[in-house]
Amino acid sequence: MDLNGDGFNDIFSGCYSQSGHPSMVGSYWVLYGDKEGKFAKPVELMGTDGKLLQVVPDLKGSGDSRLTQNICTRPFAVDWDGDGDLDIVAGNFAGTFFVFKGEGKGKFAPKAEPLEDKDGKPLKITGVHSDPFIIDWDNDGDMDLLTGSSDGNIYWAENTRSRDEKVTGADRTPELTALKLLIKAPAAAKDAKSPSYGLRIWVADITGDGKLDILVGDSFHGGGGMRQDLTVEEKAAYEKADAEYQQVMKDYNEAYKPYNEAYQKALKEAQDKAGGKELSQDLLRAIYKENVTDKVAKDEKVQAALTNMRQASTALNKYRAPSISGGNLWVYEQK
């Protein structure tokens, strides 16, 4: 889409979490296009205040409960309020939705406004990874919202604003119903023969029959557990190895915990000293190296736990099924 209104198509994307920031930040990235159909290097999108555009700009470290609203962003650029400027409707890991109001020519207000239904309740999918796609799904002349989800379901929020309001109202922001299930995840999703989970969707007339269809990309992970062809003796050996692995994992986490706590404390002190300014990536690495990397390398208890963990994992692998990861593309054809 043409995000900055210069007449050339751009590429607009969210991300899971961008490094180089004090906290996890799913920033928004743009590759601006030119008249030759080429694209510039990706840049992070800034708000009109000159700061990084993000849902939660004041996270208080990795323990902040709002963290999941800020990562795994999925933006959709659209004139949401009907004022002629592109806005951003964004999804996230938490499964909620936010709107950044556009101010024209690719500029966006820094405040993220939560997207609510017409009863004033926040829109939220039952899983995580909200994935907004704005389109007139029911062909009644207004914009609706569809979304994929982590649980394999596809949801729809219908725009119920009346036609008179759309024509005469100064603010033509959609009035949405609560999300309702449009397509239920197939019961056999684990066999990779139907859409699984982590759905990302695109809506278009893919079959050319005049009806909107839904293109779905998913994630698939399998294997890694106990093999199904083990003998009774091998199953017993697996269970013993698994119990040993869980114990050494616990031992490692306990030994590592003080260093992580020291890092979080040092990070907070550095952030307070910076007075709200972003810490450089070099400084973040130095803080981690000083409080974790260098000290863990000299801690015999941590190193012993690491060795035990590797050995326990090797013992388990003899009885595990091979791990499989991937994804597929699917089409739901509208009848």
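**Close-up views of a helix pair and a sheet**

**View A. Helix α2 passes helix α3 in a right-handed crossing.** The model shown is predicted. Helix α2 covers residues 232–274 and helix α3 covers residues 281–298. The two pack at an angle of about 160°. Their axes lie 9 Å apart. An angle over 145 degrees counts as roughly antiparallel, and α2 and α3 are therefore roughly antiparallel to each other.

**View B. Residues from both helices build the contact of α2 with α3.** From α2 come Y256, Y259, A262, Y263, A266, L267 and A270. From α3 come L284, I287, Y288, N291, V292, K295 and V296. Sorted by class, the contact has 12 nonpolar residues, 1 polar and 1 charged.

**View C. An open sheet is formed by 4 strands.** The strand order is β4-β5-β6-β7, and the pairing is antiparallel. Strands β4 (74–78) and β7 (107–114) stand at the edges. Each has a single partner strand, so one side of each is left without a neighbour in the sheet. Neighbouring strands of this sheet are turned by 25° against each other on average, direction ignored.

**View D. Strands β5 and β6 run antiparallel.** Strand β5 spans residues 87–91, and strand β6 spans residues 97–104. They are joined by 4 bridges. Within this pair, A90 stands opposite F98 in β6. In general, strands of a sheet pair through backbone hydrogen bonds.

Note on methods: Residues numbered from 1 in each chain as written. Predicted model: local features only at pLDDT ≥ 70, side-chain atom pairs only at ≥ 80, totals over all residues. Heavy atoms only, no water. Pairing = 2+ DSSP bridges. Axes fitted to C-alpha atoms, helices over the stretch in contact; angles between N-to-C directions. Parallel < 35°, antiparallel > 145°, perpendicular 65-115°, else oblique. Left-handed = near helix turned anticlockwise from the far one by under 90°. Contact = heavy atoms within 4.5 Å. Nonpolar A, V, L, I, M, F, W, Y, C, P; charged D, E, K, R; others polar.
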